Amino acid sequence: SPIHPAFIALAFPAILTYLLWVLWLFDIGSTISGAKGLYFGRALGNDFLLYHTAGRAVLEGKTAQLYQLFAGHDHYRYFGYNRPPYYALLFAPFAALPLTASFLLWSGLGIVALGVGVRRYGGQHPGRVFLFALGWFPVWCGISFGETILPTFAVISLTYGLWRTQHPALAGLVLSFALDKPHLVLGVILLWLLRWPRDNRALLGLAAGAMALAGLSFAVMPEASWAYVARLPEFGRMMYHPQFPIDRMQSVDGFFYLWLRPNLSAAIILTGLTKAAGMLGTVWLWRRHQNSPALLFAVAVLLTFWLSPYVLIYDAALLLIPGVLLSQQLPQNQWGWKILFSIYGVIVLLGWPLVAKQLAVSQNDVNVNVLAFLLASAYLFRRLTRIRQPLVTPGVPALPRAPATARTRHSPPGQAGQPAAPGTDGGGQPTAAPPPLWPAWFWRAG
């Protein structure tokens, strides 16, 4: 029988990314043997130098200069280490090893973190989801750059698992370990704020974890902690620095700035309007599908990419979370979501070098990665608004403290506030499936 078109769409970006993994392994071999990298023309795990150096400062007792360590570096002197002081403690054990060995160990732990996170979403086939995740281009970027996004992915995934199973205080405490980059958890925090008081314990757990980590920083590295506070405004202006890698930026802020600079006022206005539209649409979906933890969390992660001012190419690894959750929450459309996700994966894979080429001849550019993300999000919103019956995550209890008077449009008299069983209305009658996302031939195998 012929190959299902969905499989081709799903496999294409993964195959290209796996090719990058193979070429990168050759670069690793070249570096270990003392030769220059063959394919990528940069130091192995280039960004990992920041964390390795910060960890060495901890070992050598030089944390007072934590934010001046790269003053003489050709590239990192403009930015350097920009995480909270406590985060450098994590890399002290790695700094005891040579840079290359330390990076390889960190890469291995990143792959383990990816597996830990995938197990929270993988359903009956976590192995398949894990193999697909390795073929997601931003995951390769996170590993090959020596970045920290995969541990963050694991933390957010564990947070979802705890929150979904009604352990909100512990979920908030776990999420605090992702506050080294707080802009990557904006959507989850806003979800909990807008669900007050139902998620007040999650917020209290998050606040307790944040205060504990801040106390650790000031207790162990007081000079560095005050230096970090003093540099916070500087971190907020990094995007406008001439040496900032703007071609890797995947945020709404970066999209309009790159398109309209030097007209900063117009970029700020359009950025604000776009974020407001994303926020309004998100709140509508949250209110409509409040008994579906999977959809609430998936949309919260998507909202993060609308609101965060700093999202780089490897941070898009977090989009695995909504990609998998939506496929599971809407099984009748799961191949459609996977195809849509794969198309976006191709754009992300090819869009970054395209932006770099355009910036070589002009100061302005339309970042196709961000444009594709915004269009895909708008299409997702349209699809979810056409589902008449509010969604309920199968096998998961409804989230606590739902209003006693809540009543869906399909709830019959006398059953207000009762969540509908999957595939039924409030009276137990079957509901029509939402219209298919793609033509029928996408759903028929063979």
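Where is the place of Pro 197? Pro 197 sits in the loop between H10 and H11. A cis peptide bond joins Trp 196 to this proline, with omega at about 5°. The model is a predicted one, and the values below are computed from it.

**The chain overall**

The protein chain has 18 helices and zero strands. It holds 446 residues, and 51% of them count as buried. Take the contacts between residues at least 6 apart in sequence: 73% of these join residues at least 24 apart. The accessible surface of the chain comes to about 20000 Å². Carbon and sulfur atoms account for 67% of that surface.

**Backbone points to check**

Pro 262 is in the loop between helix H13 (252–260) and helix H14 (264–288). Gln 166 stands out through its phi. That angle is positive, about 65°, although Gln 166 is not a glycine. The loop between helix H8 (149–164) and helix H9 (168–175) is where Gln 166 lies. Most residues other than glycine have a negative phi, and most peptide bonds are trans. Is Gln 166 buried or exposed, or something in between? Its relative accessibility is 33%, so Gln 166 counts as partly exposed.

Leu 194 belongs to helix H10 (residues 186–194). Its relative accessibility is 47%, so Leu 194 counts as partly exposed. Setting aside neighbours within four places in sequence, Leu 194 is in contact with Met 279, Val 283 and Trp 286. The C-alpha atoms of Leu 194 and Arg 287 are 9.7 Å apart, while 93 residues separate the two along the chain.

Arg 231 is part of helix H12. Which residues does Arg 231 contact, leaving aside its neighbours within four places in sequence? They are Tyr 67, Phe 79 and Tyr 81. From Arg 231 to Tyr 67 the chain runs 164 residues, yet their C-alpha atoms are separated by 8.7 Å. Arg 231 counts as buried because its relative accessibility is 14%, and the cut-off for buried is under 20%.

The accessibility values for these residues are listed here.

| Residue | Relative accessibility | Class |
|---|---|---|
| Arg 231 | 14% | buried |
| Gln 166 | 33% | partly exposed |
| Leu 194 | 47% | partly exposed |

Helix H6 covers residues 126–134. Its buried residues are Val 129, Ala 133 and Leu 134. Why do they lie on the same side of H6? They cover an arc of only 140° around the axis, which puts them on the same side. The face turned away from that buried side carries the exposed residues Arg 128 and Leu 131.

**The largest pocket**

The largest pocket holds about 950 Å³ of space. Its lining has 40 residues. Asn 82, Arg 83, Lys 181, His 183 and Met 238 lie nearest the centre of the pocket. Four helices each supply at least two lining residues: helix H2 (48–59), helix H3 (85–90), helix H11 (200–220) and helix H12 (222–236). Which helix gives the most to this lining? H12 does, with six residues. By class, the pocket lining divides into 25 nonpolar, eight polar and seven charged residues.

**The enclosed cavities**

How many cavities of 30 Å³ or more does the count give? The count comes to five. The largest cavity has a volume of about 250 Å³. It is lined by 13 residues. Nearest its centre lie Leu 302, Leu 326, Leu 340, Phe 341 and Ala 376. Helix H16 (320–329), helix H17 (334–359) and helix H18 (368–385) are the elements that give two or more residues to this lining. The cavity lining divides into 11 nonpolar and two polar residues, with no charged ones. The lining of the largest pocket, by contrast, includes seven charged residues.

Definitions and conventions. Residues numbered from 1 in each chain as written. Predicted model: local features only at pLDDT ≥ 70, side-chain atom pairs only at ≥ 80, totals over all residues. Heavy atoms only, no water. Buried < 20%, exposed > 50% of the residue type's maximum accessible area, 1.4 Å probe, protein only. Arc of directions from axis to C-beta. 1 Å grid on protein atoms, 1.4 Å probe; cavity = no way out; pocket = protein on both sides within 12 Å on 5 of 7 lines; lining within 4 Å. Points joined across faces, edges and corners; volume = space filled by probe spheres on them. Nonpolar A, V, L, I, M, F, W, Y, C, P; charged D, E, K, R; others polar. Contact = heavy atoms within 4.5 Å. Areas by Shrake-Rupley, 256 points an atom, 1.4 Å probe, with all protein chains shown as cover.
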